[in-house]
Amino acid sequence: MDKSKLVVLTIGLFIGLGVFAWSWVNFTQSPPHDPEIAQRYFQHFHRRCPGEFGDEELCREVLGNHHRSCFADHLRPTPPDRVDEEGPFLYNRSLYLECMRSHAEALLQVDGS
């Protein structure tokens, strides 16, 4: 086998494995919630936090450490009769913000002590 054919075969195999891995993650490991809503919640807290707590670094730390858990913790399954209209989960921004604020306040207390 020519060396050039081996290189092309290796590159093709590498691309094929990459497509398989991407597809597997995309179809089996995707979160059940809407990532756009998670991003909007993130941005909302990111805009409000500095005005509320006056510390940009604190806000980044809270977002980095607690956004995923607060977002996942506030999700509630949609009742079966409303899944078609509302999707698999009910979102509640006030519960999410309450969770994020509690973590920010806890960090302020630790830093202030």
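Histidine 44 touches Arg93 and Leu97, leaving out residues up to four places away in sequence; contact here means heavy atoms within 4.5 Å. Histidine 44 belongs to helix H2, where helices (H or I, at least four residues) are DSSP runs, numbered from the N terminus. With a relative accessible area of 12%, histidine 44 is buried; buried means under 20% relative accessible area, exposed over 50%, and partly exposed in between (1.4 Å probe, protein chains only).

A word on the model: it is predicted, so local features need pLDDT of at least 70 and side-chain atom pairs count only at pLDDT 80 or more, while totals for chains, interfaces and linings use all residues. Residues are numbered from 1 along each chain as its sequence is written, and side-chain values use heavy atoms, with hydrogens and water left out.

**Tyrosine 41, also in H2**

- Tyrosine 41 is found in helix H2 and counts as buried, at 9% relative accessibility.
- Setting aside neighbours within four places in sequence, tyrosine 41 is in contact with Phe71, His74, Tyr91, Asn92, Arg93 and Tyr96.
- Between the C-alpha atoms of tyrosine 41 and arginine 76 there are 16 Å, and the two residues are 35 residues apart along the chain.

**How H2 meets H3**

- Helix H2 covers residues 35-53 and helix H3 covers residues 56-74; their axes come within 10 Å and cross at roughly 140°.
- The axes are lines fitted to C-alpha atoms, for helices over the stretch in contact, and angles run from 0 to 180 degrees between N-to-C directions.
- H2 and H3 are therefore oblique to each other; angles under 35 degrees count as roughly parallel, over 145 as roughly antiparallel, 65 to 115 as roughly perpendicular and the rest as oblique.
- The crossing of H2 and H3 is right-handed, a term used if the near helix is turned clockwise from the far one by less than a right angle.
- On the H2 side, the residues making the contact include Tyr41, Phe42, Phe45 and Phe53, and on the H3 side they include Glu56, Leu58, Phe71 and His74.
- Sorted by type, the residues of this H2 and H3 contact are 13 nonpolar, 3 polar and 1 charged.
- In that sorting, Ala, Val, Leu, Ile, Met, Phe, Trp, Tyr, Cys and Pro count as nonpolar, Asp, Glu, Lys and Arg as charged, and the others, Gly among them, as polar.

**Salt bridges**

- You will find 3 salt bridges in the structure, each a side-chain nitrogen of Lys or Arg within 4 Å of a carboxyl oxygen of Asp or Glu.
- One of them pairs the side chains of glutamate 52 and arginine 101, at 2.7 Å from N to O.
- Glutamate 52 lies in helix H2 and arginine 101 in helix H5 (residues 93-112), so this pair ties together parts that are 49 residues apart in sequence.
- Glutamate 52 is partly exposed at 38% relative accessibility, and arginine 101 is partly exposed with a relative accessible area of 22%.

- Arginine 60 forms a salt bridge with glutamate 57, with the closest N and O atoms 3.0 Å apart; both lie in helix H3, 3 residues apart, about one turn of the helix.
- Salt bridges that share partners join Glu56, Glu57 and Arg60 into one network.
- Glutamate 56 also bridges to arginine 60, with the closest N and O atoms 3.8 Å apart; these two are 4 residues apart in H3, about one turn of the helix.
- Glutamate 56 is partly exposed at 33% relative accessibility, glutamate 57 is partly exposed at 48%, and arginine 60 is partly exposed with a relative accessible area of 45%.
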